[in-house]
Amino acid sequence: MEVLKEFILSQGASKNVTYQEWDKIWTMNKKLIDPVCPRHTAVECDGKVSVTLAGGPEALEVVTVPRHKKHPPAGKKSQMRSSQIWIDQADALDVKDGEEVTLMDWGNAIINKVHRDSATGAATSVDATLHLAGDFKKTRVKLHWLAQIDELVELQLSEFDHLITKKKLEDDDAFEDHVNPHTRWDRTALGDANMRSLQKGEIIQLERKGYFIVDEPLTKPGKPIVLFGIPDGRERKGAFPGVPSAGGV
């Protein structure tokens, strides 16, 4: 509501009819939520890649870290560390054998070998060595990751497209010709264990995936947490990730 008020006031008093882009409102909204919303980590289920860390902890380690590094009122969260972690397929394809990378909020690691499927080229697993003495400022790739533990939560990430496919309908346009057949796109992911306590309506950022609002919190085992994507005002390049919702438009 604060953003809508700010947007209306920014237009000034005028009798002229104007057409506005939603992106303006979403950009203003991002400026409001980004400084305060907690950060969490998720790895997409489709193509997720297992990383074996030589020199990693023999037993599960738990470290307390801030939910937002620049906003202490967001509170703390527990980060689980183990010698077996998950990363996104896109990240596994981006790293190179012998490259030093940074595991966010942990330290550096050296990629020994990226194993690939000979038929598809997809990454299947990664061998790496923990190198905590490394300098994170010198690495090209910063990886968000999750320890392979049973406490990870299943997520459904839903994002929404425009209802019509044309920015402005002209007088001679037939409305039905411009109805978007797919406006909701869903994908599944694993989220960090701290997300078990998220409440309906809470706004978070999934690192490198965007801003989301909790539509359905965790209620019972086997049912995912449902998160609705919040646009950030940037123009989308390419198709939405995931698949069209079975529920229709």
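**Overall build**

The structure is a predicted model. The protein chain contains three helices and 17 strands. Its C-alpha trace spans about 70 × 45 × 40 Å along the principal axes. Of the 249 residues of the protein chain, 38% count as buried. The accessible surface of the protein chain comes to about 14,900 Å², and 54% of this surface belongs to carbon and sulfur atoms.

Contacts can also be described by the separation of their residues along the sequence. Among contacts between residues at least 6 apart in sequence, 65% join residues at least 24 apart. As for charge, the protein chain carries 34 positive and 38 negative side chains. The centres of these two sets lie 5 Å apart.

Seven strands form an open sheet with mixed pairing, in the order 10-7-8-9-3-6-11. Its edge strands are strand 10 (142-143) and strand 11 (146-147), each of which pairs on one side only. Strand 8 and strand 9 (residues 123-131) run antiparallel and are joined by eight bridges. In this pairing, A109 has L130 in strand 9 as its bridge partner.

**Strand 16 and its neighbours**

Strand 16 covers residues 225-230, and five of its six residues are buried, so this strand is largely enclosed by the rest of the structure. Two pairings of strand 16 can be described, with strand 12 and with strand 15. Strand 12 (residues 153-160) runs parallel to strand 16, and four bridges join the two. Here S158 has F228 in strand 16 as its bridge partner. Strand 15 (residues 210-216) runs antiparallel to strand 16, and five bridges join this pair. Y211 stands opposite I230 of strand 16.

**Salt bridges**

The count of salt bridges in the model comes to 15.

| Acidic residue | Basic residue | N to O distance |
| D105 | K69 | 2.8 Å |
| D173 | K166 | 2.8 Å |
| E216 | K223 | 3.8 Å |

The side chains of D105 and K69 meet in a salt bridge. D105 lies in the loop between strand 7 (100-103) and strand 8 (107-116), while K69 lies in the loop between strand 4 (61-66) and strand 5 (76-81), so the pair ties together parts that are 36 residues apart in sequence. D105 counts as partly exposed because its relative accessibility is 33%, whereas K69, at 58%, counts as exposed.

In the salt bridge of D173 with K166, D173 is partly exposed at 22% relative accessibility. K166 is likewise partly exposed, with a relative accessible area of 29%.

The side chains of E216 and K223 also meet in a salt bridge. E216 has a relative accessible area of 31% and is therefore partly exposed. K223 counts as partly exposed at 37% relative accessibility.

Key:
Residues numbered from 1 in each chain as written. Predicted model: local features only at pLDDT ≥ 70, side-chain atom pairs only at ≥ 80, totals over all residues. Heavy atoms only, no water. Buried < 20%, exposed > 50% of the residue type's maximum accessible area, 1.4 Å probe, protein only. Contact = heavy atoms within 4.5 Å. Areas by Shrake-Rupley, 256 points an atom, 1.4 Å probe, with all protein chains shown as cover. Lys, Arg positive; Asp, Glu negative; His and termini not counted. Charge placed at Lys NZ, Arg CZ, Asp CG, Glu CD. Pairing = 2+ DSSP bridges. Salt bridge = Lys/Arg side-chain N within 4 Å of Asp/Glu carboxyl O.
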